[in-house]
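Here is a note for a colleague opening this structure for the first time. The points follow the strands, then the backbone, then a helix and a cavity.

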Amino acid sequence: MQSLIEAAQEQGVEFVFAISAGQDMVFSSAGDRLLLQQKLRQVAAMGCHSFALLFDDIDPCMCQADRDVFPSLAQAQASVANEVYRELDQPSIFLFCPTEYCSSLCSPSPSQSCYLLTLGQELLPGISVIWTGPKVVSQELSATLLEEVEGVLQRRPIIWDNLYANDYDCRRVFLGPYTGRAPGLMPRLRGLLLNPNCELQANFIPIHTLGSWFRSELGSCAHSDHAGKETAAALGDSQGPQEGSYSPQEALELALHDWVAEINRQALEPAVSMQVPEGLPPCSFLPGGRTPGQPSISLKGGTRLQPSTAGGQEVMPDAQPHDSVPSVADQDGPEPCSVAPGEGRKKVTSEPEKGSESRTPTGGRQSPTGDGDQLTTGSRESCEPSSALPSTAGSAQSTGTSVATETLHSPGPPMCCSNGANTSQNLPLPTSDARTGGGSSPQPPSSTQTEVSRADMPPKPPGPGACTSPGPPAPLTDEVGASPGPTAPLTPEETGSSPMALLTLEEAGSGPTVLLTPKEARTSPTAPLTPEEARFSPMASLTLGEVQMLVELFYLPYHHGPLAQHLLEHFRWLRANSLSVGVPATAPDDCEGMQWRGRAQSFQLLCAQTCRLHSHFVSSASRALLYDLHPYLWDIRNMLLAASAFVLWLDGHLLCDPDPKGTWGSCFGWCQSITAPILLGGDAEPWARRGGLFGELQALLPVGNSCDLFCHPPPLFPSSQLYLLHPLLPPDKGELYRMCQESLNCDPKVAEILAAYPDLLGDRLLGSFLSLSPEYTFVLEDEGGPCGYAAGALCAEGFLQQRDSSWLPAMRHKYPRDLGAGAPALGQDALEEALLFFHTEPPAVPLPVLRRFPSLVQLGTAPRVLDVGASRSLAICLLSALRANGSRGVFCQVSAADQQQLSFYSKLGFVALPVAWGISPGARLLGRLL
């Protein structure tokens with residue numbers, strides 16, 4: 001630790017040692033107090049001068065010994081804090097995190113909390129108190145609340161901002177702009193600590209936009225002082241436009257340009273480093289990590305560091321103008337510059353230097369990132385992970401973040417964060433020939449158009465309804481079904497005007513959608529990559545549009561980005577209006593069907609664009625960025641594969657007639673009662689909505705309640721393979737049969753037999769399903785063609801009866817029984833097993849199995865499919881289709897010797913059924929409920 005403290009001091013980093021002592025400490029015990037003091041003195045002897053004592057998230061009840069000495073918990077904690085503070089010679093930075101650290105934890109309110117009132121009276125004036133706002137993760141912060149807290153604590157609080165903390169939900173990461181903080185907060189603050197994402201690479205935009213906010217606050221304070229006004233006049237809750245006010249969207253646009261340049265620079269350099277926005281001074285280091293004690297990022301206003309740091313970054317409210325400002329970064333490619341020890345501490349003014357390019361979110365285009373503002377994470381080399389390696393083990397999701405500061409120019413000491421974490425067979429995409437017969441390609445949503453990757457090119461102003469500029473964030477809804485209902489279909493005007501509803505009713509028509517192969521999808525005009533880039537530059541840099549898509553998928557705790565919101569709106573509407581394309585169709589005319597198909601086409605396009613983003617991200621991102629963000633993007637990719645294929649299946653396969661088993665209506669009524677979030681109040685914390693976009697999409701699927709289907713670790717070796725998933729189409733049969741045959745390694749003699757009977761293995765594995773139940777078959781494709789299938793039968797009992805009475809006799813006539821006779825050879829066993837299946841009377845499935853698990857399923861993938869996420873999406877599609885039409889359980893038959901299949905099914909929640917069934921004693925029945 002001493003070497004870490006010394007390294008921090010050499011780089012001008014303020015190292016803060018934090019300790020959580022309240023969980024097992026007896027406050028009245030002299031021994032416990034002495035141990036705490038000795039611990040802190042030991043750290044102080046190593047050269048640490050800043051400390052934090054954290055009493056958050058502990059049991060508020062005291063033991064009997066403490067109750068005999070202290071009248072209240074607040075007095076006990078204050079007594080310990082004051083004693084330690086004096087013992088350490090009253091350090092200038094000494095932070096105290098109370099047990100009631102936000103309004104929602106105060107009883108009955110902050111101003112009437114006996115605990116806070118006592119702390120305000122008992123704590124020594126030099127001790128700074130941490131506060132998170134109205135909630136643990138506060139959507140907004142207002143000057144009114146801070147004024148109330150200041151009155152209770154008798155000191156200005158230090159805000160511990162958990163806006164970007166993601167340690168409470170492993171499926172969420174937050175890449176959106178710093179927002180929700182009213183202008184003029186700084187005079188009410190002693191500091192601001194930003195608790196970042198656990199993943200270092202996810203924090204560029206949060207830190208960048210925080211720097212823009214801080215600069216805006218400094219400019220507002222300086223302008224107020226220059227005009228001779230009282231600082232208090234700048235306070236208020238209004239966030240309307242005003243001179244020097246902070247615009248989150250403008251700040252985000254600046255940050256996006258700089259992040260694209262940084263991402264592409266990292267991908268080209270062997271050492272991985274991250275640029276930090278200009279105006280980002282100190283970043284404190286705190287061992288440990290949780291909310292609110294996770295590693296944090298802080299800003300400081302250029303004056304002497306006030307007592308405040310509890311694991312993060314600090315914004316210090318200094319309203320006085322300063323005397324210099326760092327130069328602005330060259331957007332063409334920032335070069336690192338070194339800083340001598342002690343030169344990192346600088347002051348900042350509200351006036352830029354002469355000759356510097358002014359770019360601010362309010363007055364122009366000043367980027368908060370400078371050439372010298374570089375934070376280096378060490379000598380981690382950038383290399384591309386092999387897509388040919390197995391992808392079934394390990395997790396790339398980080399559990400902590402460690403950042404070592406190399407160089408950073410900023411108005412104050414830099415700070416360090418640590419955690420002491422084929423054409424007719426594929427996904428449909430609209431083409432001009434299919435829809436209008438013209439030769440020009442349709443324009444996709446502008447947020448995914450190909451962009452010039454140079455950061456010095458100014459962004460093109462967005463047109464009306466375009467997504468190029470990050471539009472207003474869409475708040476998260478409290479209900480899964482908060483969408484237009486079945487009686488509120490999209491009007492023709494809405495379909496034509498919606499930026500994401502790309503087809504009009506006439507364009508959509510009533511025919512099938514046009515599909516592209518994965519190869520065509522890669523070079524589609526709607527893809528973020530241009531055809532030239534895809535053909536000649538497989539490692540082409542990420543574009544501005546792609547990075548913006550990434551941000552819009554993972555926005556903020558209480559708001560979705562435009563892309564995520566469009567995905568949810570489309571899926572909700574398609575689900576709510578799905579009966580218009582069911583069997584039989586309920587609409588009196590085809591108008592509703594055309595509306596539905598137009599909306600479905602738009603949804604398919606968004607899903608395909610996101611899948612392409614995943615593929616290009618894996619190919620182009622640096623190693624550090626890949627392993628920090630890939631688990632989240634991989635999750636969304638898998639979910640959208642399943643959701644897009646399920647939407648395609650809905651058109652013409654959904655049973656609308658009443659059925660004793662219950663079909664679509666009862667299915668979703670039942671599902672929603674389990675998977676929909678509880679009706680949440682306006683003050684619910686974000687962890688009440690688990691999973692973010694992923695969780696909301698999951699809840700919209702018929703099997704969304706089966707969480708075990710969706711919980712699986714990301715691949716250890718990410719693959720850039722582009723997969724497409726769709727229901728069975730007529731051309732697919734031959735391709736699937738070829739896949740089945742090519743998957744078998746066999747002797748030349750066996751190969752001769754299979755050449756004479758090329759459909760033998762395909763008929764064995766898939767023939768009965770494709771002949772008797774094709775509506776429940778899904779196909780997985782990669783760039784080599786079909787590579788997997790999921791087949792099922794809704795009513796297994798009727799399916800098996802029809803198979804035994806009509807299909808098997810036809811197979812016996814097609815394949816003679818003595819076809820497999822011969823000496824043992826490679827592949828002979830598979831040949832004999834297939835012939836035995838055709839020519840032997842199959843045993844009856846036990847009736848209890850058929851009653852409890854009424855549907856039959858079968859899954860298979862080619863050996864080249866190494867991405868377990870694509871295989872799971874295939875299974876989720878099939879199970880969703882069966883559940884939507886009323887099935888409550890599925891079963892399958894697996895050989896006891898096939899350990900790979902047994903393992904795969906078990907990870908999907910299948911369990912071995914205690915019954916004997918099959919041609920051989922080694923056959924097993926596996927089942928799972930839906």
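**Notes on the strands, backbone and interior**

1. Start with strands E1 and E2 (residues 50-54). They pair in the parallel sense over five bridges. Helices (H or I, at least four residues) and strands (E, at least two) are DSSP runs, numbered from the N terminus. Two strands pair if DSSP finds at least two bridges between them. Within this pair, Ile 19 has Leu 53 of E2 as its bridge partner.

2. A word on the source. This is a predicted model, in which local features need pLDDT of at least 70 and side-chain atom pairs count only at pLDDT 80 or more, while totals for chains, interfaces and linings use all residues. Residues are numbered from 1 along each chain as its sequence is written, and side-chain values use heavy atoms, with hydrogens and water left out.

3. Strand E1 (residues 16-20) is mostly covered, with four of its five residues buried. Buried means under 20% relative accessible area, exposed over 50%, and partly exposed in between (1.4 Å probe, protein chains only). E1, helix H2 (residues 30-45) and E2 form a right-handed β-α-β unit. Right-handed means that, with the strands pointing away from the viewer, the path from the first strand over the helix to the second runs clockwise.

4. E2 also pairs with E3, in the parallel sense, over five bridges. Ala 52 has Leu 95 of E3 as its bridge partner. Next, E3 runs parallel to strand E4 (residues 128-131), and two bridges join them.

5. How many residues of E3 are buried? Five of the five are, so E3 is largely enclosed by the rest of the structure. Ile 93, Leu 95 and Cys 97 point one way from the strand, Phe 94 and Phe 96 point the other way, and all are buried.

6. Most residues other than glycine have a negative phi, and most peptide bonds are trans. Asp 89 has a positive phi, near 60°. Gln 90 also has a positive phi, near 50°. Asp 89 is in the loop between helix H4 (73-87) and E3, and Gln 90 lies in the loop between H4 and E3. Asp 89 is exposed, at 66% relative accessible area. Gln 90 is partly exposed, at 47%.

7. A cis peptide bond joins Ser 107 and Pro 108, with omega about -5°. Pro 108 sits in the loop between strand E3 (93-97) and helix H5 (114-122).

8. Helix H15 (residues 562-576) has 15 residues, and its end C-alpha atoms are 21 Å apart. Of the 15 residues of H15, 14 are buried, so the helix is largely enclosed by the rest of the structure.

9. Which residues lie nearest the centre of the largest cavity? They are Arg 172, Leu 553, Phe 554, Gly 692 and Leu 693, among 17 lining residues. A cavity is a set of points on a 1 Å grid over the protein atoms alone where a 1.4 Å probe fits but cannot get out, and lining residues have an atom within 4 Å of a point. H19 supplies the largest share of the lining, three residues.

Definitions and conventions:
The expected span of a helix is 1.5 Å times one less than its number of residues. On a 1 Å grid over the protein atoms alone, a cavity is a set of points where a 1.4 Å probe fits but cannot get out, and a pocket is an open set with protein on both sides within 12 Å along at least five of seven lines; lining residues have an atom within 4 Å of a point.
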